[in-house]
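Open the model in your viewer and keep the selection tool at hand. The stops below follow one boundary between two parts of a chain.

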Amino acid sequence: MADKLKTALFKFTCCAGCQFQLLYFFSPESFLETLDLLDFVYFRMATSKELKEDDHYDLAFIEGAISTTEDIEKVKKIRKQSDIVVGYGACAAHGGVQSIGDWTPQRKLEETVYPNPLQMKSIKVHPVDEFIRVDYQLRGCPIDEVEFMELIRALAAKKEPYLREYPVCVECKFANNICILLMRQGVLESMCLGPVTRAGCRVACTRNMRACFGCRGPMTNPNIPEMVRTFKGKGFTEHEIFTRFTEYAGLSPEFSEGARAYYERKAPYYERPEWRAA
Amino acid sequence: MRERRPTTSGRSGEQRKRIDVGYFARTEGEGGIHAVISDHKLESFALDIWEPPRFFEGFLVGRFYYEAPELTSRVCGICPVSHHETATKAVEKAIGLKVDENTTKMRRLIAWTQIVASHIIHLYMLALPDYVGYDGLIEMLPDFPDEVQRFLRMKTAVNAITDAIGGRALHTMSSIVGGFTRPTSKKRLKKLAEELKKVKDDAAETVRLFGRLPTPQFEIESTYVSLLGDGDYPVNAGMLGSSDGLRISENDYRQHFREWQVPTANTKYTGLDGKNPVRVGAISRVNLNYDLLSPDAKSIAQEIGYSVPTRNPIHNNLAQAIEIVGGIDGCLELIDEVDPESIGVARHEVKAGEGGGITEAPRGSLYHWYRVNGEGIIEAADIVTPTAHNAFNLEKDLRELLVEIAEREVDEITLECEKLVRAYDPCFSCSVHIVKT
C-alpha cells in the first residue's frame with residue numbers, strides 16, 4: 001500500500017450533512033477503509049488538529065457553497081495548496097438549497113429574516129467552481145457512499161476516477177423500479193427529474209416512491225425543453241415546474257433553463273438573477 | 001485560524017488576561033468567545049455569531065407547502081429528521097390536515113431514532129476526546145478500540161431503523177406531508193428491533209463511562225424549557241413547559257417567546273417574554289420529565305448518582321447518555337405498537353391558514369411556523385432552532401463562569417469555557433454559527 005493521501009476537508013455554507021455522511025452514516029467498513037486510504041490533517045468536525053498556514057495537501061475536499069467575500073479568498077488559497085480539489089456535495093457543486101435565495105433580491109431576503117438588514121454583509125450563493133478549478137465533483141444531497149468510496153480508491157491508486165454522466169433513469173431501470181414519472185400523480189410522487197439528472201445516487205428517491213428532485217444536477221446533454229413539455233402535459237403549473245428545477249441545482253445553466261418560463265413572466269416571488277444572465 | 005494567546009500586560013500590580021477561542025473544534029459549525037479579565041474582574045466579554053446566514057425563512061417564501069419539510073431538513077446535517085418532522089407538523093396544522101394515530105406513532109419512532117443518533121455523535125465524536133485528551137475519535141482508534149467499536153455498533157443499529165422508516169438515514173425522504181410514501185414492513189422493523197436490543201448494554205455502558213468522567217462542580221440558575229410528556233416521554237407532542245411553571249400550547253408560542261437581533265451576531269437571540277434566557281436540551285427534558293423515562297433509564301441514572309433537577313450545565317452530557325437508554329426502550333416499545341402496513345398518504349385539500357409546531361430535537365425544543373395561502377404557497381416562515389433558544393443562556397452562563405474562575409490561569413479558564421460550550425452541544429449551522437471578532 002502506498003502512502004496515505006494527505007487530506008483536508010473544508011466546510012463553507014452548508015448543513016455539514018455530507019461530513020456526517022462520511023463520519024457517521026457510512027457503514028463501519030467504508031469508514032475504516034476511508035481512514036486507511038486518507039490521512040486527515042484538517043477536519044474540524046472530527047479532530048481538533050489546527051490548520052497549518054501554507055500546508056500542502058494531496059487532496060482537499062470542499063464542502064458547501066460560497067456566500068461571503070472572505071470565503072472566495074479562502075477557496076483560492078486552498079486551490080493553490082492542493083494537488084487535487086474535490087467538490088463535496090450538492091452545495092459545492094451547484095449551491096444547494098440555499099441557492100433558492102438567489103432567485104430573490106438579496107435585500108428582500110435580508111429584510112424577511114432580520115429586522116435590521118443594514119447589519120448584514122451577505123452576498124449571493126455561488127458554487128465553488130465559479131472561483132476555482134474543481135478536479136472532481138461528488139454530487140448529491142447528501143453524497144453517496146459508494147460513489148465516494150470509488151473516488152477515493154481510484155485517487156489512492158493514482159487512477160482516473162469514474163463519475164457517471166448518464167441519467168438517473170438508467171439506474172432506475174437496473175433497479176427494476178416502476179417508472180413513477182408515468183405511473184403516479186402528485187408533484188412529490190411524479191414530477192420526476194430522473195431523465196435529466198446525473199446518476200450515482202443508487203435511486204435513493206425513486207426506490208422510496210418519491211420523484212427525483214435533481215439534487216445531483218444535470219447529466220451531460222440533458223433535453224430540458226422536452227422535460228418541461230412532459231411536466232406541462234401532466235398538468236403541472238409553471239410555478240411547480242420552476243420550484244422543481246430550482247430546488248438544489250437551479251444555478252446550473254441547464255436547470256435554470258427549465259425554470260425560465262416562470263420567472264420571465266414576472267412571477268410575484270422571483271426575478272431573474274441579473275448577475276447570472278444567460 | 002486564530003490561536004489561543006495568553007497575554008499579560010498593563011500597569012504594575014494589575015493583571016490583564018485575554019481569553020480568545022477563535023474556532024471550537026468538534027462542534028457543529030464555527031464558534032468563538034472573547035473575554036478580557038482585568039485585575040480578576042471581567043472587563044469585557046463577547047460571544048460573536050457571524051457565520052454567513054442561509055436565509056431559510058426568506059427563500060421558503062414562494063415555495064409550495066409540501067417542499068418545507070424537505071428543504072428545512074437541510075438546515076442541519078446532524079438532526080435533519082427533527083427539522084423534517086417539525087416542518088411536517090407545522091405545515092399540516094397550517095393547511096388543516098390531520099393524520100391518523102399510526103402515522104403519528106411512526107413519526108414519533110423516527111424522531112426518537114434521531115435523538116439517540118445525535119446523542120451518540122455528540123458524546124463519542126465531539127465530547128469524549130476532550131476528556132481523554134485526544135484530538136478526535138479517529139486518533140482514539142488505536143488506543144480505545146472498545147469504545148470505538150461500541151460507538152460503531154450503536155450507530156449501525158440505530159441508523160438502520162431511521163433508514164428503514166425514512167428511506168435513508170440522512171435527509172430522509174419517504175416521510176411527507178400527509179404520511180409516508182413507502183412505509184417499511186412490520187417484519188423488517190421486528191428484525192431491526194432485535195439488533196437494537198443487542199446494543200442496550202452498550203448504551204448502559206455509555207452512561208457509566210460518562211458517569212465516571214470528572215465533572216466540574218458548577219451550579220447556575222437557569223429556566224429549563226422542554227415539552228412536557230403526557231404519559232409518554234415528550235418527543236413530538238405535548239405542552240411546552242418550564243421549570244418556573246410555564247405551561248403553554250404550541251399555538252401560543254409566539255405570545256411568550258420573542259426573537260431579536262443582536263449587534264454581535266447573525267443568530268437571533270430568543271427569550272421568554274422577550275427578555276429572559278432559557279435552556280433547552282436533554283438536560284431540560286430529563287429535569288422536567290424524569291418520571292416518564294423508561295425504568296431501565298431511571299435505574300442507570302440512579303446507579304451513576306444522577307439527581308434531578310440538576311443545575312450543573314455540564315450535566316447535559318449525562319442527560320444525553322441517559323436519554324440514549326430511554327430512547328432505545330422508547331423505540332422498542334413503538335416498534336411493538338406501530339402498524340406500518342396500514343400507513344399511506346392522507347388525501348388533502350389545501351386551505352389557507354397558518355400553524356406552528358414544536359418537537360423535541362436532540363438539542364432541545366424546535367419551533368417551526370408557516371403561513372400558507374389558498375394555492376398552497378408559503379407566504380411566511382419562522383424557524384427557531386434549539387441553539388437559537390440557547391444562545392442567550394449560553395452567553396449568560398459563560399459570563400457567570402468567567403466571573404467565578406477569573407482568578408485562575410488563562411489556559412485553565414479557556415479549557416473550562418470550551419467544556420461548557422461543548423456541553424451545550426451547540427449546532428452552529430442550525431442557528432447560523434458563532435465566531436471570531
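How many salt bridges does the rule find across the interface of domain 1 of chain A and domain 2 of chain A? The rule finds 2, where a salt bridge is a side-chain nitrogen of Lys or Arg within 4 Å of a carboxyl oxygen of Asp or Glu.

This is a predicted model, in which local features need pLDDT of at least 70 and side-chain atom pairs count only at pLDDT 80 or more, while totals for chains, interfaces and linings use all residues. Residues are numbered from 1 along each chain as its sequence is written, chains are lettered from A, and side-chain values use heavy atoms, without hydrogens and water.

Select 5-156 of chain A for domain 1, then 168-264 for domain 2; these bounds come from an automatic or database domain assignment. Their centres, over C-alpha atoms, are 25 Å apart.

Next, show the contacts (heavy atoms within 4.5 Å). In domain 1 of chain A, 18 residues touch 19 residues of domain 2 of chain A. The two domains bury about 1500 Å² between them, 60% of it on carbon and sulfur atoms; buried area is the accessible area (1.4 Å probe) lost on being put together, summed over both parts.

Select A:His94, A:Trp103 and A:Arg139: they supply 46% of the area that domain 1 of chain A buries against domain 2 of chain A, more than any other three residues.

Finally, select A:Arg216 and A:Glu147, whose side chains form a salt bridge at 2.8 Å, N to O.
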